[in-house]
Amino acid sequence: MHVVIPVAGLGTRLRPHTWSKPKPLVTVAGKPILGHVLDRLLSLPLERVVFVTGYLGEQIEDYVRSHYEFDAVFVEQPEPLGQSHALLQAKGLITGPTLVVFPDLIFDADLESLVSCPWDGVVYVKEVDDPRRFGVVVVEDGRIARLVEKPQTPVSNLAVVGVYYFRDFADLIAAIEQQIAEDRRRGNEYYLAEAIQILIDRGRTIVAQPVSVWEDCGTVEALLQTNRFLLERQAQEHPTFPTSVVIPPVVIDPSATIERAVVGPYVSIGAGAVVSHAIVADSIIDEGATINGVMLHRSIVGRGARVIGDFLRVNVGDSSEIAFARQDEG
């Protein structure tokens, strides 16, 4: 099984955190989003994983090579021309059965059965209440007949989650090349849905399969929701701190310092972070951050950032500092 993971997006909806690191390396529940995705894939017989990089792509490569031992190849997408164009960069690097995963989500599905998959392709989906916010698939006679982007009139409630399987990656590349030759794009981007529609029109059998878990990581609010979801699922022990109270579920790196604080529930604290004289709940505190004299709720504090002062809610990017003078300091 080969895997292609496009990681070239700018992650604008997660700024300021994505100014200094690519979106897949934003932390949730104690590790980067990409780490959660790759850990899920380790149960597959991986032959090669291709990462299509862009902005700050060297950070992606450093993370993968320092944490994983599978055969990883990194190729750059020279222009941000969309999903299909990103996958085209993997041409010639892999062939045969291939899983395509967009790493801005946490998901779970029966991927192991793909080893004996009888279809030409699989689009993983999740039933949603309001399909107008998503791309959806229309299923007829057990197979996908068409894909519709954000339908304003109800045609299906099966939302596309961003995970796909193709029995022959070269077949997908041929469809993408036709898509680009015919300039089938929206705005300035070539979407994968168009290439899949070409495969369907050529008579390929593409089916929809459900995911049991689909948690988004594309916005600050979604990231905090995913943090809550993951912390509830992973029962982890945490260090004890004599002068502090910790309310599970939490994940606290052993190198973090917690003094005279209340931490939790639903808090992730990274390596080397310091939390003192503070109350922190429902938040993500990244490595090396300092929290002192504040109450934080539904907040994200980036690497090396400092939040010092009065009670507030913040969304602070990497290497930032917020300081408020105490009244007794004049």
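**Notes on the pocket, the sheet and the cores**

1. The largest pocket has a volume of about 1,600 Å³. Its lining counts 49 residues, and R13, K23, Q83, F102 and D104 are the closest to the centre. Please keep in mind that this is a predicted model.

2. Which strand gives the most to that lining? β11 does, with four residues. Other elements supply at least two residues each, including β1 (2-7), α3 (83-88), β9 (135-140), β10 (143-149), α5 (192-201) and β13 (213-216).

3. Next, the open sheet: five strands follow the order β15-β18-β21-β24-β26, with parallel pairing. β15 (250-252) and β26 (315-316) stand at the edges with a single partner strand each, so one side of each has no neighbour in the sheet.

4. I300 has N315 in β26 as its bridge partner.

5. Do look at helix α6 (residues 220-233) too. Helix α6 lies across β15, β18 (267-269), β21 (283-285), β24 and β26, and runs at about 90 degrees to β21.

6. The largest nonpolar core has 34 residues, and L41, F51, V64 and L99 have the most contacts inside it. Helix α1 (residues 33-41) gives the most to this core, with four residues. Leaving aside residues up to four places away in sequence, V64 touches L34, L38, F51, F70, A72 and F74. Another core, of 32 residues, lies apart from that one, and V52, V75, I144 and I173 are among its members.

Key:
Residues numbered from 1 in each chain as written. Predicted model: local features only at pLDDT ≥ 70, side-chain atom pairs only at ≥ 80, totals over all residues. Heavy atoms only, no water. Core = buried A, V, L, I, M, F, W, Y, C linked by side-chain atoms within 4.5 Å. Buried < 20%, exposed > 50% of the residue type's maximum accessible area, 1.4 Å probe, protein only. Contact = heavy atoms within 4.5 Å. Pairing = 2+ DSSP bridges. Axes fitted to C-alpha atoms, helices over the stretch in contact; angles between N-to-C directions. 1 Å grid on protein atoms, 1.4 Å probe; cavity = no way out; pocket = protein on both sides within 12 Å on 5 of 7 lines; lining within 4 Å. Points joined across faces, edges and corners; volume = space filled by probe spheres on them.
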